[in-house]
There are 2 protein chains.
Amino acid sequence: MGETLDRHRRIFGERAPLFYDEPLELIRGEGVWLLDAHGRRYLDAYNNVPCVGHANPRVVAAVSEQMATLQVHSRYVHGVVVDYAERLAALHADPLSSLVFACSGTEADEIAMSMARLTTGNRGFITTEAAYHGNNSDVGRLNDIGGRASVGKPVDPEVRGVPLPDGSRRFVEGVAAAIRSLDEAGIGVAGVLMCSILANEGLPPLADGEMAEVAELVHAAGGLMIADEVQAGFARSGRWWGYEFSGFEPDIAVMGKPMGAGVPFSGVVAAPDVVDRFRSSTRYFNTFAATPVQAAAGMAVIDVIEDEGLLAQTTQVGRHLADGLRGLGITDRLGEVRNVGLFVGADWLDADGAPDGQGARAVVNAARHAGVLIGLDGPHGHVLKLRPPLVFSAADADQLLEIIAAVFASAT
Amino acid sequence: MGETLDRHRRIFGERAPLFYDEPLELIRGEGVWLLDAHGRRYLDAYNNVPCVGHANPRVVAAVSEQMATLQVHSRYVHGVVVDYAERLAALHADPLSSLVFACSGTEADEIAMSMARLTTGNRGFITTEAAYHGNNSDVGRLNDIGGRASVGKPVDPEVRGVPLPDGSRRFVEGVAAAIRSLDEAGIGVAGVLMCSILANEGLPPLADGEMAEVAELVHAAGGLMIADEVQAGFARSGRWWGYEFSGFEPDIAVMGKPMGAGVPFSGVVAAPDVVDRFRSSTRYFNTFAATPVQAAAGMAVIDVIEDEGLLAQTTQVGRHLADGLRGLGITDRLGEVRNVGLFVGADWLDADGAPDGQGARAVVNAARHAGVLIGLDGPHGHVLKLRPPLVFSAADADQLLEIIAAVFASAT
């Protein structure tokens, strides 16, 4: 490993992002397991892109077969692409029935932002203070507005960040204040763009009807409600879409990460008039989307989710995992445990009960050495993030709980 | 087909871009051939992404095997990714030895622009009046600055477009004037960003040393020379990179389209300090790059190009194809024929010898009905674009010439 890591750093640079103080060299994946170059197995409780499990045989077969048949761009018509698009659109509520495909979540979020600008004639966007929506210059304007990384950055006149939900009214009131501020500045509201379950924000508790109220406010101001489903979508929450879980009806939904099970693939679904306006104004074309191999991979993902009953499994295993964590009772450093289906956020606290990002980081590194892969989230980096492939079973959860209990015990 | 096309238009919108007045529904590809839903075969003289041929068995095997082994993101170390990165970097001249991978050419061009801004501290970019570099808001600022689509668009203060080379000094003088203009405006030059062979511009004739002179000018002004190799790279020109063909040394090279033979994959290569500055400043991460499946596909592409001698073949077949077109002598509507390796641009003219975009469009549609797929390029859309997969043979070229001769004859 030492050698490969050195070569990695030489060719990609010292600052190329890697997980863990001691990075992992992975060579194989199968289901919820990953194997490293030393032959060591890791229970994967982090990766959502391989949502139907690493090296899922149906995905592998679908991609291999389509690669051997045809893979070419979308200025030709492809039956497999049309079949997939229709099936995907049918999983959304009316009027979300027309699609634009792309490769990355960033690309899809930018398309959604363009649609909102073109539809409303306004330029302003509202998101949370701790959002992350992508890595390019337009979408990146919405990232981490209130966080440490924002210090010293120029304030973007077209973007407002609102505080996270906390049981009080500050989230909804923050949106209302942001709308007033954009209107007073003469910018107007193009849209609210938020992850439907506030994933990167650490899954703060959304009260019943809170997101629906946000949607009502933005509609009243002439803006659109954009649901970022890149992390929330594809059965993660126990519903097909996070907006169903959180109880609101978006005007645009953005999909990504698990959509192609490792084949780069993303998409935007909206009403036909919203899509038409975008296509007429931008002549958008993407060489690498929508292609037959992406569609074949995407179809296999939907097949597996449906055939293996993963919507129900996600709900059950997520609850089991969250309850199990809550019940560990071996440390006072573990604070609130929240879950949205099979997405669990657990606060790690210092001895005084304050968010402890450094301690959480130590836990994540210790878990890696104990054979379990988890991550971090939230504005203070103190939320342990457990987001395994959807095929994670109750038995897998039990194994994780046993290992993580020992990690917590030694970390305290 | 009628039914699939209707369904395509319903789900993607009437304005989703499709080739040909009568679009093609493709179901299979093999080598330089594409098969449609009616069982009709088409000689592919357009597609560069499947550069080593449609459904190339080595690419299919590499992708299938890697999909069945491991496909997960780049915050873990992967030997196959490091191997590929080192091999790719070794194909470039010093000091281009450090890489950032992404999915699309757009993403890679935006990374290159960020690198140039961060390295120079300047904000201005210079490209040609007829460039196309990508589909997002930052990169899109460089598109079609002097073209019909630019009419009514606000002028971007940080971007300058220069006239195309025409044998006079106007191209180099245009760059010098653009540099003066950006300096006088206090914006400064971050970089010149151009396709190394001016592909979308219709392959206008670059004089010996002309691009090198542009590089000299931009360096003297404190800016970087960015070679867009998305179309020019990977043996298209008969050299590995278009900048070798055109005779200049870029500070940054951007790669895309054929890189993954249909797997979305792009990249930026630059000197280590340029890459480090970018990584330190942006914390750039891309979920879908650099991944083992992309690297496996990319490695197969390099293997095939080397093992099948495609650098030499591209040079020979490109010359054969261009000479054959010039020799057709059946119509006065065919003007100058230019080629850069296996990339041919042929001007289509009206009866008065002026660029005839409408006539060229009719030729492309007629060729499609005659069983040959070609495209259009250039600022007036009058340049017939022949850019087949690199495995296109002299016999394939002869077959194309026979068919296209009949198309030209009936179009005149």
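**Close-ups from a predicted two-chain model**

**View 1. Helix 11 against helix 12 in chain B.** Helix 11 of chain B and helix 12 of chain B cross in a right-handed sense. This is a predicted model, as are the views that follow. Helix 11 covers residues 357-370 and helix 12 covers residues 394-411, and the two pack at about 135° with axes 9 Å apart. An angle of 65 to 115 would count as roughly perpendicular and one over 145 as roughly antiparallel, so helix 11 of chain B ends up oblique to helix 12 of chain B. On the helix 11 side, look for A362(B), V363(B), A366(B), A367(B) and A370(B). Helix 12 answers with I403(B), I404(B), A406(B), V407(B), S410(B) and A411(B). Sort the residues of this contact by type and you get ten nonpolar, one polar and no charged.

**View 2. Helix 4 meets helix 8 in chain A.** Here helix 4 (residues 105-120) of chain A packs on helix 8 (residues 272-282) of chain A, with an angle of about 95° and 9 Å between the axes. Anything from 65 to 115 degrees counts as roughly perpendicular, and therefore that is the label for helix 4 and helix 8 of chain A. Helix 4 puts I111(A), S114(A), M115(A), L118(A) and T119(A) into the contact, while helix 8 brings V274(A), R277(A), F278(A), S281(A) and T282(A).

View 3. Domain 1 of chain A is assigned in two pieces, 2-52 and 308-411, with domain 2 running over 57-307. Their centres, taken over C-alpha atoms, sit 25 Å apart. Domain 1 gives 22 residues to the contact and domain 2 gives 27. On the domain 1 side, helix 10 (residues 310-326) of chain A has the largest share, with five residues. That side of domain 1 divides into twelve nonpolar, seven polar and three charged residues.

**View 4. Where chain B touches chain A.** Each chain puts 69 residues into this contact. From chain B, the elements that supply at least two residues each include helix 1 (2-12), strand 1 (26-30), helix 3 (79-90) and strand 4 (98-102). Helix 4 (105-120) and helix 8 (272-282) of chain B are also among them.

View 5. A61(B) belongs to helix 2 (residues 57-69) of chain B. It counts as partly exposed because it has 15 C-beta neighbours inside 10 Å. A300(B) is 239 residues away in sequence, yet the C-alpha atoms of A61(B) and A300(B) are 9.0 Å apart.

View 6. Most residues other than glycine have a negative phi, and most peptide bonds are trans. The bond from A289(A) to A290(A) is cis, with omega near -10°, and A290(A) sits in the loop between helix 8 and helix 9 (292-307) of chain A. Chain B has a cis bond joining A289(B) and A290(B), with omega about -10°. A55(A), in the loop between strand 3 (41-44) and helix 2 (57-69) of chain A, is not a glycine but has a positive phi of about 50°. With 21 C-beta neighbours inside 10 Å, A55(A) counts as buried. D144(A) also has a positive phi of about 50° without being a glycine, and lies in the loop between strand 5 (124-128) and strand 6 (159-162) of chain A. D144(A) has 19 such neighbours inside 10 Å, so it counts as partly exposed.

Terms used: Residues are numbered from 1 along each chain as its sequence is written. Chains are lettered from A and ligands numbered from 1 in the order in which they are written. This is a predicted model: local features need pLDDT of at least 70, side-chain atom pairs count only at pLDDT 80 or more; totals for chains, interfaces and linings use all residues. Axes are lines fitted to C-alpha atoms, for helices over the stretch in contact, and angles run from 0 to 180 degrees between N-to-C directions. Helices (H or I, at least four residues) and strands (E, at least two) are DSSP runs, numbered from the N terminus. Angles under 35 degrees count as roughly parallel, over 145 as roughly antiparallel, 65 to 115 as roughly perpendicular and the rest as oblique. A crossing is left-handed if the near helix is turned anticlockwise from the far one by less than a right angle, and right-handed if clockwise. Two residues are in contact if their C-beta atoms, placed from the backbone, lie within 7 Å. Ala, Val, Leu, Ile, Met, Phe, Trp, Tyr, Cys and Pro count as nonpolar, Asp, Glu, Lys and Arg as charged, and the others, Gly among them, as polar. Domain bounds come from an automatic or database domain assignment. A residue is buried if 20 or more other C-beta atoms lie within 10 Å of its own, exposed if 12 or fewer, and partly exposed in between; C-beta atoms are placed from the backbone.
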